Amino acid sequence: MQLLDWIYSNFRWYRSLRGGEWWQVEIPLFDGSQITWVRNRPECECYILQTEKY
């Protein structure tokens with residue numbers, strides 16, 4: 001299920017269907033950064049850009 005969350009998390013309809021709380025985070029990498037949606041609150045050093053609660 002985590003793989004499906006990762007693949008479909010960019011779609012708002014999927015986040016709404018799964019429910020719960022979602023965080024859009026920016027994860028710093030050695031060659032830049034990556035922005036992604038996560039379902040569980042991240043415990044790493046990343047920047048939270050947006051939250052959505054369904």
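1. Zero disulfides turn up in a search of the whole structure, a disulfide being a pair of cysteine sulfur atoms within 2.5 Å. Cys-44 is in no disulfide, and the nearest cysteine sulfur, in Cys-46, lies 3.4 Å away. That separation is too far for a bond.

2. The model is predicted: local features need pLDDT of at least 70, side-chain atom pairs count only at pLDDT 80 or more, and totals for chains, interfaces and linings use all residues. Residues are numbered from 1 along each chain as its sequence is written, and side-chain values use heavy atoms, with hydrogens and water left out.

3. On accessibility, Cys-44 is partly exposed at a relative accessible area of 45%, while Cys-46 is buried at 17%. Buried means under 20% relative accessible area, exposed over 50%, and partly exposed in between (1.4 Å probe, protein chains only).

4. The salt bridge count is two, the criterion being a side-chain nitrogen of Lys or Arg within 4 Å of a carboxyl oxygen of Asp or Glu. Arg-18 and Asp-5 form one of them, at 3.1 Å from N to O. This pair links helix α2 (residues 12-18), which holds Arg-18, to helix α1 (residues 2-8), which holds Asp-5, 13 residues apart. Helices (H or I, at least four residues) and strands (E, at least two) are DSSP runs, numbered from the N terminus. Arg-18 is partly exposed at 25% relative accessible area; Asp-5 is buried at 11%.

5. Glu-52 and Arg-15 also form a salt bridge, with the closest N and O atoms 3.1 Å apart. Glu-52 lies in strand β3 (residues 47-53) and Arg-15 in helix α2, so the pair ties together parts 37 residues apart in sequence. Both Glu-52 and Arg-15 are buried.
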